[in-house]
Amino acid sequence: MVETQALATDYLKLSGELRLKVLGLYKKANAGHIGCSLSCIDLLIGSLVHHKRPQDSFILSKGHAAAALYVTLNHLGEISDEILDTFYQDGTTLPAHPAPNKHAGIPFATGSLGHGLPIATGIAQANKLSDNDGISFVLMSDGETNEGTTWEAAHYAIQKGLDNLIVLIDRNGLQGFGYTNEILGDSADAVKWRAIGFDVVEVNGHNPAELIEQIAALKTRKNGIPKVIIAHTIKGKGVSYMENRMEWHYLPMSDDLYATAVSDVQQTYLLS
């Protein structure tokens, strides 16, 4: 119990620290896509930070949350502070959406939604064919599950028995033009994924310890069934005026709003 509490405290602090870095990047760039980056940070901690091994792969399919990926790779030592500081600038290797072949942790370009799961499924199949025990992780948005390519890849994964595929869905309930259940319906629903044959678990997407435990359990299930973790999250998590607000998919921060955001994160994540 003490070890579990210590882990939770460590990850709470890391979650706050990564959020502050994300806010700093977007403020300097005067750019948007803040809310969707804040909703998936804990998913990155639970999977990329805690579980990913050298033989595993990780694809951020919701490429508009690139800043969350960049600060996580910076924490892991794969992106230097100097390179991180070039985010969104001319000539950077860290553009608004991930670019391929610049950093080891970013093997594919993403951002055109619906591409990440097909890529991750291909990697999982390649691992099976080469007798590699690597896990293929992919982090998607809930709005992205509207894409037809997502469902084609999902059915392929089922048909090929890709139990080495773990899909994480950032289910914050908002996408570019409104609530997901008002656009094309809730295609990130557990019932739908279970009905087509996936091994489905649902988690609190802002509890890295819970996510870590569930991933560990899924990795042991060599049952020929691909896995999906539907993570219930909050868009803009940690910043009071951004939480569950669609406009923070797009808006940049003023100086005053940035100061408020920093204060919110410091208080919520015990950093002050």
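Q: Which residue stands opposite N204 in β7?
A: In this predicted model, the residue of β7 that stands opposite N204 is H232. Numbering starts from 1 along each chain as its sequence is written. Local features are reported at pLDDT of at least 70 and side-chain atom pairs at pLDDT 80 or more, while totals for chains, interfaces and linings use all residues, and side-chain values rest on heavy atoms, with hydrogens and water left out.

Q: Why is the unit of β6, α9 and β7 called right-handed?
A: A crossover has this name if, with the strands pointing away from the viewer, the path from the first strand over the helix to the second runs clockwise. The unit made of β6, helix α9 (residues 208–219) and β7 is a β-α-β unit of the right-handed kind. β2, helix α6 (residues 148–159) and β3 also make a right-handed β-α-β unit.

Q: What makes β3 largely enclosed by the rest of the structure?
A: A residue is buried if its relative accessible area is under 20%, exposed if it is over 50%, and partly exposed in between, with a 1.4 Å probe and protein chains only. In β3 (residues 165–171), seven of the seven residues are buried, so the strand is largely enclosed. L165, V167, I169 and R171 point one way and I166, L168 and D170 the other, and all of them are buried. In a regular strand the side chains alternate between the two faces of the sheet.

Q: Which strands do six bridges join to β3?
A: One is β2 (residues 136–141), which runs parallel to β3, with V138 opposite V167. Another is β7 (residues 227–232), also parallel to β3, where V228 stands opposite V167 and K227 opposite I166. β7 is mostly covered, with five of its six residues buried.

Q: What is the order of the five strands in the open sheet, and which stand at its edges?
A: The order is β1-β2-β3-β7-β6, with parallel pairing. β1 (57–60) and β6 (199–204) each have a single partner strand, so one side of each is left without a neighbour in the sheet, and these two stand at the edges. Neighbouring strands are turned by 20 degrees against each other on average, direction ignored; axes are lines fitted to C-alpha atoms, for helices over the stretch in contact, and angles run from 0 to 180 degrees between N-to-C directions.

Q: How many bridges pair β1 with β2?
A: There are four, in the parallel sense, and the bridge partner of I59 in β2 is V138.

Q: Is K62 buried or exposed?
A: K62 has 1% relative accessibility and therefore counts as buried. K62 lies in the loop between β1 and α3, and among the residues that K62 touches, leaving out those up to four places away in sequence, are C36, S39, E144 and D170.

Q: What makes a group of residues a nonpolar core, and how many residues has the largest one?
A: A nonpolar core is a set of buried Ala, Val, Leu, Ile, Met, Phe, Trp, Tyr and Cys residues joined through side-chain atoms within 4.5 Å. The largest has 53 residues, and those with the most contacts inside it are L23, I229, M242 and M253. Helix α2 (residues 34–49) gives the largest share of this core, nine residues. Apart from it lies another core, of 22 residues, among them L117, A120, A124 and L162. In soluble globular proteins, nonpolar side chains tend to be buried together.

Technical notes. Pairing = 2+ DSSP bridges. Contact = heavy atoms within 4.5 Å.
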